[in-house]
Amino acid sequence: MNVTQSNHLDAGRITAAVDGLEQYMVDTLSRFVRCPSLPGEETSAAEFLEVELAKLGLASERIMLRTEELKDLPLYSPACCPDGGRFNVLARHEPTASTGRSVLINGHLDVVPTGPHELWTESPFAGNLHDGWVYGRGAGDMKAGLVCALAAFKALQDLGVQPAGAVGFNGVLEEENTGNGTLATVSALKSAIGAAKLASFDAVLIPEPTQEGMMASQLGVFWMYVDIVGKPAHAAYMTTGINPVDLGLRIVDAVKALEHEWNLPENRHPLYREHPHPINFNLGQIHAGDWNSSVPSVCTLGLRLSCYPDMSIEDAKLHVERRILAVEAELADDDTAISIRYEGFNAPGCVYDLDVPAMQLLAESHKQVTGKVPTRNALTATTDGRHFKLLMDLPVTCYGPIARNVHGFNESVSVESMVRVAKAYALFMVEWCGVEARRA
Ligand SMILES: [Zn+2]
């Protein structure tokens with residue numbers, strides 16, 4: 001079979017083949033969720049993905065995370081975890097006769113912390129199916145999406161064919177705090193292309209849980225830590241001390257005032273005009289004190305901040321720093337000290353072109369499955385799409401299943417939605433890459 005004969009593979013046969021893989025998807029996702037791949041501990045999930053890819057006949061290479069080699073790249077984010085021998089998993093299907101266009105599926109392996117396990121209905125890493133939803137930390141964000149892409153590829157194999165263009169599967173580290181995982185793969189791809197060892201990809205799809213919409217843009221996101229030294233004292237003589245928590249809360253108020261200003265209609269980026277609350281300055285951590293009867297000595301704030309795609313991260317940092325310095329100036333005291341440091345996300349915003357052929361085809365594939373044109377989503381988060389757009393100028397978007405409670409308790413993903421998304425990915429692969437007879 002060659003590309004022209006792909007016409008025999010009508011959409012009905014392809015989607016029926018995906019329907020036949022529903023149990024495969026549930027089983028694979030359940031086992032994937034049971035790899036508790038918290039930041040810095042992703043290896044179990046990476047090894048799991050290697051095995052699942054091998055079952056599809058795909059050999060993986062390990063792309064080691066070497067922060068030293070990434071430090072000078074423009075999209076580098078200051079590391080949060082030691083490299084620790086951790087790696088991305090990159091597999092590449094090569095067609096027998098390379099005639100079609102190629103696509104890279106890029107998904108992250110890491111999941112965010114769970115909070116207290118006892119506040120979940122069942123263990124966050126149980127990975128069980130209930131009423132059509134698979135539960136667990138990372139089920140939706142974003143192990144389900146990777147499973148959808150594997151199922152799309154497997155469905156074609158079950159029909160006796162395979163894509164006639166290269167299909168890459170890249171499982172990456174650290175999407176949730178730095179993006180340095182994808183940066184490592186992009187850096188490896190760029191140097192490999194230079195040495196002509198590996199062709200580039202013609203499009204990149206990221207199966208993040210976009211509720212079956214397509215990402216049209218993402219915000220700039222950065223993490224900031226504020227360390228505040230106060231003046232500790234006995235609580236009985238509290239007014240002789242200076243409480244760094246009080247200072248910290250003043251800083252949070254000042255930063256929140258800036259968040260409010262950036263959300264005002266007149267200050268919004270056009271793509272975010274309709275959004276209820278696009279700019280979110282989140283106080284994610286506050287650590288202070290060690291004794292109820294002492295005024296604390298230090299307080300640390302961990303903030304996640306964002307800005308519109310037309311503002312640089314450097315400019316956004318300056319705006320926020322100015323508000324913090326104003327608080328310091330107002331409450332200046334020789335006994336206190338406020339310092340700012342950056343670890344984690346340093347991720348510029350990005351606008352994606354959804355009117356290029358690859359993205360039009362993905363929208364068409366979704367419409368074939370659901371009867372509806374996919375929504376175009378202006379994301380208020382960051383994604384690894386930025387690396388492919390800003391460093392390689394490739395067509396890229398996020399498109400993935402319906403998930404609930406991502407980053408919250410009882411995270412879950414809809415199996416029906418996974419099946420629809422897998423169908424859209426399968427139809428996309430057939431039209432984008434073409435198909436040829438499956439290699440024996
Ligand atoms: Zn995600």
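A residue is called buried when its relative accessible area is under 20%, exposed when over 50%, and partly exposed in between (1.4 Å probe, protein chains only). By this criterion threonine 382 is buried, because its relative accessible area is 9%. The model is predicted, so that local features need pLDDT of at least 70 and side-chain atom pairs count only at pLDDT 80 or more, whereas totals for chains, interfaces and linings use all residues. Residues are numbered from 1 along each chain as its sequence is written, and side-chain values use heavy atoms, with hydrogens and water left out.

Threonine 382 lies in the loop between strand 18 (376-379) and helix 10 (385-392); helices (H or I, at least four residues) and strands (E, at least two) are DSSP runs, numbered from the N terminus. Its side chain forms a polar contact of 3.2 Å with that of glutamine 218 and another, of 3.0 Å, with that of arginine 386. A polar contact is a pair of N or O atoms within 3.5 Å; within protein, one must be able to donate a hydrogen and the other to accept it, and residues adjacent in sequence count only if both atoms are side-chain atoms. Beyond its neighbours within four places in sequence, threonine 382 is in contact (heavy atoms within 4.5 Å) with residues including Glu175, Leu219 and Phe345.

Six strands form an open sheet in the order 1-2-7-3-8-19, with mixed pairing; two strands pair if DSSP finds at least two bridges between them. Strand 1 (60-64) and strand 19 (396-398) stand at the edges with a single partner strand each, so one side of each has no neighbour in the sheet. Strand 8 and strand 19 run parallel and are joined by three bridges, with valine 204 opposite valine 396. Helix 10 packs on the sheet, where it touches strand 3 (103-108), strand 8 and strand 19, and its direction makes about 170° with that of strand 19. Such angles run from 0 to 180 degrees between N-to-C directions, and axes are lines fitted to C-alpha atoms, for helices over the stretch in contact.
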